[in-house]
Amino acid sequence: MDFYVNGEKIDITIESEKTVSDILKSFEAEAAKNEATTIGIKVNGEKIPAEEFDSLMHKPLEETQSIELNVLSKASLIDALKSSKSAFVELEGKLKEVPVLLQGGKEKEANAIIADFANNIDEFCHNVTMSALFPELYSSILIDGKAVSDFFEEFAPIIADFEQSMQTKDSVTSGDLCEYEIAPRLGIIAAAIDQCISN
């Protein structure tokens, strides 16, 4: 049987394990010691949806050619958050340049910065969602003293106004929102990440 973790083939020794479930329980016990958890499973090349998990877990090992696990560690999430912090610090400065770029007819440069902002926000939100698998880490992520969901609930109308101004090509409003509303909040998020990862 072939056993893969995050795409890398791992040599394992079968001892008393008889089913896929036995193998996964043994692996999860080891992963927990390293503050990691399984977030995706493929058996014989087929992705196992959560609702089918129980029925397939009792599959005998002799009928199993391969098990592939996608594993997430707390350390890798912290690294991802550090990357977000660096990106937000850089973007805070770049977003303040957007008004000048828009007024100077440099829409291509401005749009590249805005796209970078959107991608980094998406990635940060995804990583925060995944951090819920590690409750201690998740609860330590407070932005401006608020839970991430509360912070983004307040941020959402500003983003909506910004999207509207971009669609209507209102460069003055777009520039003002970038400089005075969005950029400072990225600084606040970066400071929150710094506080979280230094605890």
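This is a predicted model: local features need pLDDT of at least 70, side-chain atom pairs count only at pLDDT 80 or more; totals for chains, interfaces and linings use all residues.

A: Start with the lining. Helix 1, residues 20-33, gives the largest share of the lining, with four residues. The space inside the pocket is about 190 Å³.

Now turn to the helix packing. Two packed helices are described by the angle between their axes and the distance between the axes. Take helix 3 (residues 74-95) and helix 5 (residues 107-131). Their axes come within 10 Å and cross at roughly 155°. An angle over 145 degrees counts as roughly antiparallel, so helix 3 is roughly antiparallel to helix 5. Their crossing is left-handed. Helix 3 brings residues including Leu-77, Leu-81 and Phe-88 to the contact, and helix 5 brings residues including Ile-113, Phe-117 and Phe-124. By class, this contact of helix 3 with helix 5 has twelve nonpolar, four polar and two charged residues.

Next comes helix 7 (residues 148-167) with helix 8 (residues 171-198). Their axes come within 10 Å, crossing at roughly 155°. Helix 7 is therefore roughly antiparallel to helix 8. This crossing is left-handed. Among the residues that meet are Phe-151, Phe-155 and Asp-161 in helix 7, and Leu-177, Glu-181 and Arg-185 in helix 8. The contact of helix 7 with helix 8 holds twelve nonpolar, three polar and three charged residues.

Conventions: Residues are numbered from 1 along each chain as its sequence is written. Side-chain values use heavy atoms; hydrogens and water are left out. Axes are lines fitted to C-alpha atoms, for helices over the stretch in contact, and angles run from 0 to 180 degrees between N-to-C directions. Helices (H or I, at least four residues) and strands (E, at least two) are DSSP runs, numbered from the N terminus. Angles under 35 degrees count as roughly parallel, over 145 as roughly antiparallel, 65 to 115 as roughly perpendicular and the rest as oblique. A crossing is left-handed if the near helix is turned anticlockwise from the far one by less than a right angle, and right-handed if clockwise. Contact means heavy atoms within 4.5 Å. Ala, Val, Leu, Ile, Met, Phe, Trp, Tyr, Cys and Pro count as nonpolar, Asp, Glu, Lys and Arg as charged, and the others, Gly among them, as polar. On a 1 Å grid over the protein atoms alone, a cavity is a set of points where a 1.4 Å probe fits but cannot get out, and a pocket is an open set with protein on both sides within 12 Å along at least five of seven lines; lining residues have an atom within 4 Å of a point. Grid points are joined across faces, edges and corners, and a volume is the space filled by probe spheres set on the points.
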